[in-house]
Amino acid sequence: MSTYNIDPALVAGNHQYLAGYEAKHFLWQVADGVATITLNRPERKNPLTFDSYAELRDLFHNLKWAQDVKAVVIVGDGGNFCSGGDVHEIIGPLVALKTPELLMFTRMTGELVKMMRACPQPIIAAVDGVCAGAGAIMAMASDMRLGTARSKTAFLFNRVGLAGCDMGACAFLPRIIGQGRASELLYTGRSLGGEEGERWGFFNRLCEPDAVLAEAQKLAADLVAGPTFANGITKTMLHQEWAMTIEQAIEAEAQAQAICMLTEDFSRAYHAFVAKQKPKFEGN
């Protein structure tokens with residue numbers, strides 16, 4: 001019988017190790033499997049630019065193959081999460097473009113959401129202060145959101161004459177907070193306060209402003225200590241089952257769970273239970 005040794009670099013396109021990645025348009029740090037993305041333009045409340053959009057899109061795409069990143073936290077610097085697209089660097093130039101170029105831009109921003117959903121790592125948004133426009137979309141596209149009482153989340157596209165259907169908002173937001181509440185936010189563009197956001201289910205919970213990042217990183221660390229391969233399957237199924245019937249979802253989950261039963265983590269959990277010990281998962 002032949003033995004095949006597969007080089008992970010060939011499969012992963014040389015993106016299997018991202019801890020040493022040097023970001024150009026935001027801060028990137030990795031500690032014990034938890035990556036923290038910090039949007040770091042605090043003087044402008046951390047707006048996105050054409051370049052930061054593209055770099056975030058590419059980074060989340062490469063995370064699909066990363067072996068040293070098991071969970072991701074997104075946070076903004078200086079007491080705000082993200083104010084959306086930069087008015088001067090994005091909004092202004094867009095006014096002068098024609099339809100083909102505008103469609104290129106809107107497709108590119110949508111790709112960021114697609115890549116966030118396609119990467120297997122759970123993403124946790126640590127939201128304080130202003131969380132508007134594309135910033136609200138990034139929080140929405142994350143798997144979990146921790147907020148603060150002073151968080152102000154606004155899908156304010158209609159405030160600038162645009163539809164609320166931006167970057168998947170009409171698909172994602174109703175699934176998080178319900179159709180009626182999503183309709184209100186997308187039609188009016190009003191801000192959703194932190195306490196209201198927690199009641200509505202947009203935020204998993206609220207934290208003190210000076211603790212929200214640490215709480216998000218702790219939650220991420222807890223996930224990293226768990227069966228990370230199985231967590232990646234959970235994320236995939238949570239997303240894919242939107243488009244399935246119940247019967248299709250049950251069959252897809254049967255197949256996914258059978259794959260997870262082949263992992264060493266499943267065996268580790270059983271043997272730890274028999275020995276009355278806490279299992280130590282390794283993500284394989």
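1. Two strands are taken to pair if DSSP finds at least two bridges between them. Strands (E, at least two residues) and helices (H or I, at least four) are DSSP runs, numbered from the N terminus. By this criterion, S6 and S9 pair in the parallel sense over three bridges. Within this pairing, Thr148 stands opposite Cys207 in S9.

2. The model is a predicted one, in which local features need pLDDT of at least 70 and side-chain atom pairs count only at pLDDT 80 or more, while totals for chains, interfaces and linings use all residues. Residues are numbered from 1 along each chain as its sequence is written, and side-chain values use heavy atoms, with hydrogens and water left out.

3. The sheet is open and has six strands in the order S1-S2-S3-S4-S6-S9, with mixed pairing. Strand S1 (27–31) and strand S9 (205–207) stand at the edges; each has a single partner strand, so one side of each is left without a neighbour in the sheet. From one strand to the next, the twist averages 25°. (Axes are lines fitted to C-alpha atoms, for helices over the stretch in contact, and angles run from 0 to 180 degrees between N-to-C directions.)

4. Strand S6 (residues 144–148) also pairs with strand S4 (residues 123–126), in the parallel sense and over three bridges. Ala126 stands opposite Leu146 in S6, and the bridge partner of Ile124 is Met144.

5. Is S6 buried or exposed? Five of its five residues are buried, where buried means under 20% relative accessible area, exposed over 50% and partly exposed in between, with a 1.4 Å probe and protein chains only. Met144, Leu146 and Thr148 point one way from S6, whereas Arg145 and Gly147 point the other way. In a regular strand the side chains alternate between the two faces of the sheet.

6. Helix H2 (residues 50–62) lies across S1, strand S2 (34–39), strand S3 (71–76) and S4, and runs at about 175° to S2.

7. The axes of helix H6 (residues 169–177) and helix H7 (residues 179–188) come within 7 Å and cross at roughly 130°. That makes H6 oblique to H7, since angles under 35 degrees count as roughly parallel, over 145 as roughly antiparallel, 65 to 115 as roughly perpendicular and the rest as oblique. The contact (heavy atoms within 4.5 Å) is made by Ala169, Cys170, Leu173, Pro174 and Ile177 of H6 and by Gln179, Arg181, Ala182, Leu185 and Leu186 of H7.
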